[in-house]
Every structure is written in C-alpha cells, then in structure tokens.
Amino acid sequence: MLRHATKKTRRTSVVFDFLAPTAFGYRLGSSKVQPRPSVTEPPKRHDTKRLAEFPSSVRAPNPSVLCQNIKQRISLLSQPGAAAVSDPDINFFDETVVSLRLALKAGDIARVGELWSQLEDRKLLRLLGRELRGFSERAAKLCFTDNSEPGDADERKIIESIAIAAAVEGAENALKTCMITHIKRGDSQSALHLYRSIRPHLSPLPSSMQEDVENVNGIALDFLGDQLSHQPNVSLVLAAIAAHALEDSFEGALKVILDNPVRITQSAPKEFMASFDDFSFRAKVQNYVRRLDIARLVSRHHSLSTHIANLSRNQDLLRIQNLYRAIIDGLNGPEPYLAARDSQMSSQRPVLIQEINWAAFLTGFLRCHRRDLAENLWNDMLKYGIQPGVITWTALLDGFDSMGEADAASTSWDHMVSQGIRPGILTYRAVISTLFNAWRPDDAIEKFAIFRRDLTNGLLPDTGDALPVYNTVLHGLLNNGRAGDAAALLQNLRQKGPKPDIVSYNTFLRHHSRRGEFRAVSVMLERLREDGLTGDAFTFSTVLSALLKVGRTDAIDVVLSLMRKQNVEPNVAVFSAIIDHQLRESSEQGLRMAMELLQKMEMNPNARPNDVTYTGVLASLHRQVWPNTALAEECRRYVLKRMEERNIRFNRVTYHILIKACLENPEPEGLQGALGYYKEMANRTVAMNYDTWYILLHGLISREEWAVADEMVVDLLRYIKPVGALESLIGRIQRRTAWRMKLGAKFYV
C-alpha cells in the first residue's frame, strides 16, 4: 500500500517488505549489506552445490532462521534450469535480491526497477520460481487502491512489470489489483492493456482437454488439475470483463471469454465485485458474466450436450429449463449474442447453436417425460429457421425410447422418411432399440433388415461405425428370448464382419451369467480369446458373478487367474471397477465379494485402494437398499476405519458424493446419513459452497422432505446469497411453505 505525506512538496512511498531474502524466509543481520568477496577465478567445473550456500551477508545465527534458509535454498536448487546457471550469476542473484529488499525498505521504487531489470536481462528471474507468488501478494500493496490521481508513471510501470511477471507464474493478485485500480479511475484501456500483456506468455490447453465436462450441478469437474495453472486466472478474466463493461462493450467481453473459456463459478463475481462500491456497476458486470457463461458453454457444444445429458439422467428438469431459457434469451433478447444460423453470425453474435445442442435438449425434455417442452423446442427450431436434420430426428427417437413410446417412434420414423431425411446408422440404432425395449422384436428385426440392405447398397455413411447397431440387436434378441437368433448373428459377425468387440461378448456374458449358465460363459470366454480380444472390468465382474451363482468359493482367485492369462494387470482402476459392478448387484453376495476384493487390494502393494475407491464403496453402501442392513453397516464402519488408518480424510467433493448418494436412498436411513454428513462438514469447518447447498436442497425436494428443506434454507441464508439455479430451488421451497401456511389445517386433511 502507498501512503502519501501530508506535505504537497514531497511525496514519500512507504512500501511493504516483500522481496528476498524475506521472500525466502531469512532476514538480514543488520540494515547494511556486507560486501561479499568477489570471485576472482571461476571454478573449472560448475558446482551446483553452490546454489545451496548462503551469501555471507544473510547468514543468520538463529537456528530456526538457518533451518528456514536451508529449505528455501533447496527449493531454489530444484528450479528448472538452475543447474545451467554459472557461479558468478548465482552470486549476482544472491546479492541482487538482497539489494531489492533494501530498495523496497527505502521506498526507492526506481532502484527496485533497476535491480529487477538486471535480473531480467541476465535471465535470472526464473530462479525466483514459486517465490514470485510472494512478490505478487506484496506488490499488490504498492498499487493505489483509491480514486486519487495516479502516481509517477515510471514507478507504476515498475510495479506493473513485477505484477505481470508474477501473474505469468500463476500469482495474479498484484495484476488484478492494478487492473481494478485503473477501472475505478475509469481508465478501462489501461486495465485492458495489462490483461493483453499477459496473453503472449500463456500456454493454451492441450487439444485433448479443450472440452471441459460439467457435472449435474453445472460446475466443471476438476479433471485438468494443475494443467490450468498457466491459463488466465478467473479474477483476471473478470477484471477484463469489468473493463469492457465500463465501456458498455459486451462484444469486447464476449471476445475475452471466447478466447479464454475459463468457467466462472457463481461465487467468483460476487467476491470480485466486492472491490467496487457502485452497486449498479456490480449488477452490470454480474449480468455480463451470466450471459458470457452461456456463450462459453454453447461455444463448446460437446460439453453442453454432455451437461444436458447429465441433467436429464438425474431428472433435473428445472436446470434444463433454466439453461434452455437462457439460450433462447441469447437468441432474441434485447442484446442477442447467439446465432441460430450461419447467416446470423457476426462479431456481435459469434456463437452458433449447433444442431447437436438442439438435439440434446430435445432428448433431455423427453427423458424427463415432458413432451410439451419437446414440442415447444421443435416449434422454436422452425421459428428460427432451423430445419431439423437427421441428428434431431435421432434425438427424438432416443427420447421416445427412454419413454417406452414405440408407437410414437414408429410414427416419427415415417414422418422423417416422408420429408426426405435419410436415416443414419445411429437413427437405425435408436428405432431398433425402441422396438426391442417395447417387446416388439418382429418390428425391430424388420427395421434391422432394412438397415442391412441400406448398408450393403452403400446408402449409409460411415459404414465402419455399424457395429453399435449389431450390438443393439444382439442385446434385444437376448432380452426378448431369442438366444438362438442372437448366437447365429454373433457367428455371422465373426465370419463376415463387422468383427464383434468386447461389448458384443459382454452382452452374452451378462445374459448367461444372470441365468446361471456357466458352461455358456466359458464358451464365450474362449471365443473372446480366439478373436484376439481382452476382457475389461465388466467382463471380469460378470464372470465373478457367474462363478458365485454356481457356488464357487474360489471365485475371486479364478477371476484373478483369468486376468493374468489375458495379461490384464489387476491395478487400482480394474479392481475398483469390478468392486463397483459387484455393488450394483445390490445383493448380499455381491457386497461380500466387493469387500473381499477390497481387502485383497489392501494386501497388494501395486493396487492399494485410494480415496476414489473408498469413496465409491461408501457411496454404493449409502445409495443401495441392502437386504442385510447389519452387514452393510459393518462394511461401512470397516471402510471408515481403513480410511482413518491410512489418513485419508474427506474433502468437500467427498462429502458432496456421499450426501448425494444418501439422498438417493429412499429409506429413512438415507436422509439420516445425508444430514449426518452435513453436520460433520459443519463441525469440521469444511467450507460449503453453492454446490453443497444445491445437492442438499435438490435431494430433499426429490424426497419431498419439505420440513427439512425449510430448515436447510434458513441455515443457507445465514451464509450466502443464492443466485441462479440455487435461488430457483429456494423459491420453490418457499412458495410451497407459503401455500401450506395459507391452507392451515386444511393442508393436513
């Protein structure tokens, strides 16, 4: 922080002590730097151990300080490229960081800039490594935070240079503060200049990670981890958005978020905007952020489709509706920024809604059994000049499959063909699956015959992707009691192609295992081997279940032997998947086998269970209704004990998974378990965020536990101000409470 003297004739900068050696954890023995003996003759061979030595000027007699010095110098030794630094440069670096500290103590920002430039010219800044985070935190205090006139331009440039260098390393606080200072003064261009200055130093995400995945609560799953460390920090993106909002340029803000599609959580804008006193400006920026997040998600169409599929899988109709309304608002709101057709795209409307996204919403509405919303969507597409193509028709058929409406699917198929839409491979798969699931195997086989004819005549694109249709037919034939036809089709595939894959064989293994036909299971395993295929976790779990059904007490050992024969390493992932499949059986036998496998993992040094394994087992124990509740409780206590013994502690994500699993259990024990974990989070002071509250309230509403939901809302409002979907859930609870109070005694009649 800068303080100005009261006398106008002289301005003194009082600065905070943030540069080395304090940044490295040691301090000077006196205020003067003792001269270090010069190196008259460099050693013949570079000695990296010199990096672990302390300059004589900073040696400290205090053992605790000395210990801290050693730790920091070892950290310095581990910096990338440190071994390539010459001894004279090491000496220069040591002395310069000490001089930097003194310059900051004296408030001599010009000297700070000079010394910083010397380190930069000699390419020694990298030796600071993670310590630049400390620079950033303290450099922020050198920025003006009021609305007064800016200080000396040269001094500001020095501070901003340090802030940029720190931000490149992931420590963005100083740069964020500098940008906020400019915005408060109304200087949006200076703020945006700082933001643009960091862009050339940032590495893009690997192409394989360009699509983030959103979970049912609308938050990006943290699959990227540290790989996001060199992406623009959310606070910097928010600062750039605020600068564009100051200019009334939503178009500029849109370009920022599309160039840097980081997800901005619901709480981030609130925390960031606390720096501004203008409430109208706060509301404006938050409105920008809401629309920009929609644009970001729509621009990543695969991510959006996955998000909608997750929501529909959990029957979260409210979230799907809110998302759809937001996208429609982006099309025809007062300031449209989304395009429905290529011809609408422009710099103001740079994001096109792909057909795959319309299709995802269509399937989502139908899976939630809302044909009315699906019809409205279809009408919206026509209104915006979008002609439904084969992707949309396929989604419609998939939706009817989930609803079990075979007649509607057949009618839709006829309409599609009459409009000249040629069905694709996945379209055939959807209608065939619908007919088989509706116990109409003859109609399904008829469609399959048409599919094979079109495939033979070259009327279908991507013929190499036809195997999913054959696998659907195999599954349908087996489920409809036509095992002989299924076996004949499998043999035909083995001889004429397309060659069956592991899914094909797993379909037969599952069928025979459930019927206790272990001889047939053995035959399928042999054919699988003959075709050069290797089993997966589902294969081995299915074989395990089959062995248990015929009373084999050595079932686990047999499966492990089979895995070794197929050169499958029984690692953590494979074991965890098999355990998960066993627990999904919801049987006492499956539970006992899962726990026996868990114990074998614990004895295997190459496959020790991790937090994911234990959390998955606990979630299954809570989610299922077990026939032997005493055994399930004993298993739960065992898992908790093993986690405690291995010092595996619950974090917020763990609690979210377990609370959600408990609330999915319809028994009273499910609610008790969820509330128990909620209280445990509070007792352990584990921070609860929007997702915590959303999972709790959504689960309570699904269970119709309105009284508990009322109490939870009271707790929630003590800590946060709800927005978005969470606010909608609270409104639903409060409206029902008001309605109940209005009815009074009549409510209970």
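Student: Which residues in α21 meet residues in α22?

Tutor: A contact means heavy atoms within 4.5 Å, and a helix is a DSSP run of H or I with at least four residues, numbered from the N terminus. Here α21 brings Ala483, Ala486, Ala487, Leu490 and Arg494, and these meet Tyr505, Phe508 and His511 of α22. Sorted by class, that contact holds 6 nonpolar, 1 polar and 1 charged residues. Nonpolar covers Ala, Val, Leu, Ile, Met, Phe, Trp, Tyr, Cys and Pro, charged covers Asp, Glu, Lys and Arg, and the others, Gly among them, are polar. Keep in mind that this is a predicted model: local features need pLDDT of at least 70, side-chain atom pairs count only at pLDDT 80 or more, and totals for chains, interfaces and linings use all residues. Residues are numbered from 1 along each chain as its sequence is written, and side-chain values use heavy atoms, leaving out hydrogens and water.

Student: At what angle do the axes of α21 and α22 cross?

Tutor: Axes are lines fitted to C-alpha atoms over the stretch in contact, with angles from 0 to 180 degrees between N-to-C directions. The axes of α21 (residues 483-496) and α22 (residues 502-514) cross at roughly 155° and come within 12 Å. So these two helices are roughly antiparallel, a label for angles over 145 degrees.

Student: And how do α16 and α17 pack?

Tutor: Helix α16 (residues 390-403) packs on helix α17 (residues 406-418) at about 170°, their axes 9 Å apart. That makes this pair roughly antiparallel too.

Student: What should I look for in the backbone?

Tutor: Most peptide bonds are trans, and most residues other than glycine have a negative phi. Now look at the bond from Gly497 to Pro498: it is cis, with omega near -5°. Pro498 sits in the loop between α21 and α22.

Student: Where does Lys123 lie, and is this residue buried or exposed?

Tutor: Lys123 is in the loop between α3 (109-121) and α4 (132-139), with a positive phi of about 55°. Its relative accessibility is 60%, so it counts as exposed, meaning over 50%, while buried means under 20% (1.4 Å probe, protein chains only). Asn647 also has a positive phi, near 60°, and is found in the loop between α29 (629-645) and α30 (652-664). At 62% relative accessibility, Asn647 is exposed.

Student: How many disulfides are there?

Tutor: A disulfide is a pair of cysteine sulfur atoms within 2.5 Å, and the count here is 0. As for the cysteines, Cys635 is buried at 7% relative accessibility, and Cys662 is buried at 1%.

Methods: Angles under 35 degrees count as roughly parallel, over 145 as roughly antiparallel, 65 to 115 as roughly perpendicular and the rest as oblique.
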